[in-house]
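Visitor: I am new to this structure and would like a close look at a single part of it. Could you pick one place and walk me through its surroundings?

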Amino acid sequence: MTASPELAPSLTASPELLRSVFRRHAAGVAVITAAGDGPVGFTATSLNSVAAEPPLVSFGIGTSSSSWPVLAEAEHVGVHILGEHQQELAATFARSGADRFGPSTDWSSGPEGVPLLAGVSAWLVCRVVARIPAGDHRIVIAEAVAGDPSGAGRPLVYHQGRFTALRD
């Protein structure tokens with residue numbers, strides 16, 4: 001048996017502990033969009049591939065998010081994988097009160113009327129199949145119905161509370 005190193009004393013579970021631990025977890029950056037009376041969207045680092053058959057993804061959204069009322073009813077969503085050159089786009093969609101679909105955002109209406117962002121590394125249009133309550137969030141599960149993986153560039157990553165790029 002190998003001796004294990006001394007463990008630091010544990011902290012009591014809290015929202016701050018969870019945030020502190022997950023700052024150490026590097027995550028890919030995506031923008032989720034949907035169409036309502038107008039387009040809505042938000043930056044997500046909680047995107048996951050759930051299953052290949054059928055092709056399912058999941059992401060979390062806070063119920064206090066300005067995008068939640070539209071996502072709560074949307075039949076389809078757009079999932080955009082951002083490239084390292086899109087830090088400002090990620091910041092815009094993460095910023096509360098930002099004009100996310102203003103003149104500086106290049107987008108168009110895609111399949112099922114979903115807002116699609118230009119210049120992303122890859123995108124999917126997905127049909128929402130479930131919204132699962134999870135604390136102050138909902139976990140959305142959606143099935144891919146269309147997409148394009150052919151965008152250029154390396155992925156944008158979120159780590160230690162900031163957007164960054166992979167290093168070789």
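Guide: Let's start with Val 79, a residue of strand β6. Please keep in mind that this is a predicted model. Val 79 has a relative accessible area of 2%, and because the limit for buried is under 20%, Val 79 counts as buried. What does Val 79 touch, leaving out residues up to four places away in sequence? Its partners are Val 31, Ile 32, Leu 47 and Val 57, together with Ala 122, Trp 123, Leu 124 and Cys 126.

Is His 80 buried or exposed? His 80 is buried, at 0% relative accessibility. The side chain of His 80 has polar atoms with backbone partners to look for. The backbone oxygen of Val 31 is 2.9 Å from a polar atom of this side chain, and the backbone nitrogen of Leu 117 is 3.1 Å from a polar atom of the His 80 side chain. Setting aside neighbours within four places in sequence, His 80 has contacts that include Val 29, Ala 30, Val 31 and Thr 33. Among its other contacts are Pro 115, Leu 116, Leu 117, Val 120, Ala 122 and Trp 123.

Strand β6 also brings us to a pocket. The second largest pocket has a volume of about 220 Å³. Its lining is made up of 15 residues, and those closest to its centre are Ser 46, Leu 47, Asn 48, Ser 49 and Ile 81. Strand β6 (76–81) is one of the elements that give two or more residues to this lining, along with β1 (27–28) and β4 (48–51). By class, the lining of the second largest pocket has 9 nonpolar and 6 polar residues, with no charged ones.

For the largest pocket, the space comes to about 1,100 Å³. Its lining holds 29 residues, and Arg 19, Thr 45, Ser 46, Gly 60 and His 137 are the ones nearest its centre. Helix α1 contributes the most to the lining of the largest pocket, with 4 residues. That lining divides into 12 nonpolar, 14 polar and 3 charged residues.

Finally, follow the chain past β6 to Glu 84. Side chains of opposite charge can pair when their charged atoms come close. Glu 84 forms a salt bridge with Arg 154, at 3.9 Å from N to O. This pair links distant parts of the chain: Glu 84 sits in the loop between β6 and α3 (87–94), whereas Arg 154 sits in the loop between β10 and β11, 70 residues apart. Both are partly exposed, Glu 84 at 29% relative accessibility and Arg 154 at 30%. The structure holds 5 salt bridges. Another joins the side chains of Arg 127 and Glu 143, at 2.9 Å from N to O. Here Arg 127 belongs to strand β9 and Glu 143 to strand β10.

Conventions:
Residues are numbered from 1 along each chain as its sequence is written. This is a predicted model: local features need pLDDT of at least 70, side-chain atom pairs count only at pLDDT 80 or more; totals for chains, interfaces and linings use all residues. Side-chain values use heavy atoms; hydrogens and water are left out. On a 1 Å grid over the protein atoms alone, a cavity is a set of points where a 1.4 Å probe fits but cannot get out, and a pocket is an open set with protein on both sides within 12 Å along at least five of seven lines; lining residues have an atom within 4 Å of a point. Grid points are joined across faces, edges and corners, and a volume is the space filled by probe spheres set on the points. Ala, Val, Leu, Ile, Met, Phe, Trp, Tyr, Cys and Pro count as nonpolar, Asp, Glu, Lys and Arg as charged, and the others, Gly among them, as polar. Buried means under 20% relative accessible area, exposed over 50%, partly exposed in between (1.4 Å probe, protein chains only). Contact means heavy atoms within 4.5 Å. A polar contact is a pair of N or O atoms within 3.5 Å; within protein, one must be able to donate a hydrogen and the other to accept it, and residues adjacent in sequence count only if both atoms are side-chain atoms. A salt bridge is a side-chain nitrogen of Lys or Arg within 4 Å of a carboxyl oxygen of Asp or Glu.
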